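Visitor: I would like to learn how to read a two-chain model. Please take me through the features one by one.

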Amino acid sequence: MIGRASVPRSTTEGEPDDVTVRKRVPHRTDGGEAARARAHQPETDSDPDVLISARGLTKEFGDFVAVDGIDIDVRRGEAFGFLGPNGAGKSSTMRMIGCVSPLTEGSLTLFGMDPEADGPAIRGRLGVVPQKDLLDEELTVRENLLVYGRYFGLSRSVVAGRADELLRFAQLSDRADSPVEPLSGGMKRRLTIARALINAPEILLLDEPTTGLDPQARHVLWDRLYRLKQQGVTLVLTTHYMDEAEQLCDRLVVMDGGRIVAEGSPRELIERYSSREVVEVRYPDFDLEPHRDQLDLGDLAERVEVLPDRLLIYTHDGDAVSRIVDQSPDRPVSVLVRRSSLEDVFLQLTGRSLAG
Amino acid sequence: MSALADASADQEQAAGWAYRLAAEFGQFRGAGSVVARNGLAARRGLPVLLSGFFEPLFYLLSLGTGIGVLVGGVEYGGKSFSYQEFIAPALLAASAMNGAVADSTFNVFWKLKYARVYDGMLATPLGPRAVAAGEICWALLRGAGYATAFLLILLVAGYVQSWWAVLAVPAATLVGLAFAGAGMAATTFMRSWQDFDLVHLVVLPLLLLSTTFYPLSTYPQPFGVLVQLTPLYHGVELERALVLGTMDASAVVHVLYLLVLGTAGLLMAGRRLERLLLS
């Protein structure tokens, strides 16, 4: 239940579980048909710039619906993100796109090809950075690249040349002959990315690329990914970090419970689903509902979220709200004014925080 | 006109079959890169590699010399052989089995569940059949190396009685194929290391009872028939026929048995890998 907030001024009051059920049921009954109808729109079918196209993409494991009929189009050269908490269906979606997991329902094409019929040909043009690095620990850093390139059927000489280049790119040239095991988490991640680039892929799939890395390692990695994007590589990534999504993604979809709940650029999403500013207010105690009721903000507050540890007041004028809160009889411990982020978008859309 | 149409339809059908056959075999493409990966990885595990060479040698020296003194000669295929001569070709087959089983069970399980080497491979154009074929080919190459070394020792020791023996290494490779295929297929069903006790439970009796150390005529019926149904028996008899020169038509049965077991194992392993890793 941590991270779950009740949503005042909305129709989803009550048991949090109701929220999930309410969202799921109508979709399962009518969403598939609509998705299949949309699948025949000519504009996406004929556009060679659309590298990945999914309609009504569904993945079920027994009774569990991991991915619940999603539609996406990814264009050449863009950085496309799936943002959502753990269990939202991001990784299952990535595995289907990576052609290592058959669809349960719906349609999917990559480079205009069908994964079921042309899996090897598609995988030959993809680079995959899995959530766990899965490097070959029986081989050295350089051998990892050489061997992986051979899996793609590339010649020894091509692979050797690319390996040197990629080791430089991954800032691992001086560790080329080291075993993999002693490398730091950031180094392993960079090696995994280098390995995924050995076939000069047109699309790079990254499943939570910086999860588990320290802030500095994350920034190094973002820089490398940004360079790849500059070179024209299409990036598709999943993340549950809103800052990562904001840094890297041109366009993203917000996923929750296997479904897409919103789509757009980070800025569009923030403008559409959140206010300009947010005021975060903390009190000495955690019984926050009375504090909220006691505040008289009038039209200033567009929305107030009650989180387990703080109030979030969504407003167009943070300073004005901050003054009123400061002067209120319930003395707050801290008042912080900040700009809206994707975290706020997610909270608004799902009633839950991303960290949950 | 209609004859022409028939002919073209036939051609089309033939082309369809050829295409399907090519597609079936195409799924093994890239297996060589899996073998190359194992070769590279093995360079750091040389002591383990060498153990496969010493194992049959120890059996030959300890049992051959020790029991050989007590036993004297063995009547086999209408000829008389020393006990060492009798068990040497059997040990060639048994070591091929042991090497193939070790590679295709313990090593494969490690790569499948812990190192997760196959997940990485399957993200590339390699398919599960190529992975299975690569692993099994590697086991065979290793086995062929051991068999060659052991055969040379037998040659020097004077235990080789026939020119048929030039086929002893290919035969050992065939034994390896049978057990690597079966072993890898079995491994895909294993859930934890505890299940590997079952491997010992199968391999040890096979080693001891497959006419390795005494001839089939020693068994009372129906145990003799039972022994003839097990795979290592066919490997042992095949090697014996080649090295001792007691070749007859039964060799065809031995070869077919091993070939079918190996191929079935390989196909099953490919399908199971697909089930486990591509869900």
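Guide: Start with a definition. A salt bridge is a side-chain nitrogen of Lys or Arg within 4 Å of a carboxyl oxygen of Asp or Glu. This is a predicted model, where local features need pLDDT of at least 70, side-chain atom pairs count only at pLDDT 80 or more, and totals for chains, interfaces and linings use all residues. Residues are numbered from 1 along each chain as its sequence is written, chains are lettered from A and ligands numbered from 1 in the order in which they are written, and side-chain values use heavy atoms, with hydrogens and water left out.

Visitor: How many salt bridges does the rule find across the interface of chain A and chain B?

Guide: The rule finds 3 there. Take Glu138(A) and Arg37(B): their closest N and O atoms lie 2.8 Å apart.

Visitor: Which elements of chain A give two or more residues to the side that touches chain B?

Guide: Helices (H or I, at least four residues) and strands (E, at least two) are DSSP runs, numbered from the N terminus. Here the elements are β1 (50–61), α4 (115–123) and α5 (141–151) of chain A. α5(A) gives the most, with 5 residues.

Visitor: And how much area is buried between the chains?

Guide: Buried area is the accessible area (1.4 Å probe) that two parts lose on being put together, summed over both. For chain A and chain B the value is about 1,900 Å², and carbon and sulfur atoms give 56% of that. On the chain A side, Leu134(A), Glu138(A) and Tyr151(A) lose the most area to chain B, together 34% of what that side buries. Contact means heavy atoms within 4.5 Å. Chain A brings 22 residues to the contact and chain B brings 23 residues.

Visitor: What does confidence look like?

Guide: pLDDT is the predictor's confidence in each residue, from 0 to 100. Chain A has a mean of 85, with 86% of its residues at 70 or more. Residues 1–44 of chain A have pLDDT below 50, yet this stretch has 56 contacts in the model beyond near neighbours in sequence. Chain B has a mean of 88, with 96% of its residues at 70 or more. Within chain B, helix α1 (residues 2–26) is lowest, at a mean of 70, and helix α10 (residues 231–244) is highest, at 95.

Visitor: Now one residue. Is Ser265(A) buried or exposed?

Guide: Buried means under 20% relative accessible area, exposed over 50%, partly exposed in between (1.4 Å probe, protein chains only). Ser265(A) counts as buried because its relative accessibility is 17%. Ser265(A) sits in the loop between β9 (259–264) and α10 (266–273) of chain A. Leaving aside neighbours within four places in sequence, Ser265(A) contacts Asp250(A) and Arg251(A).
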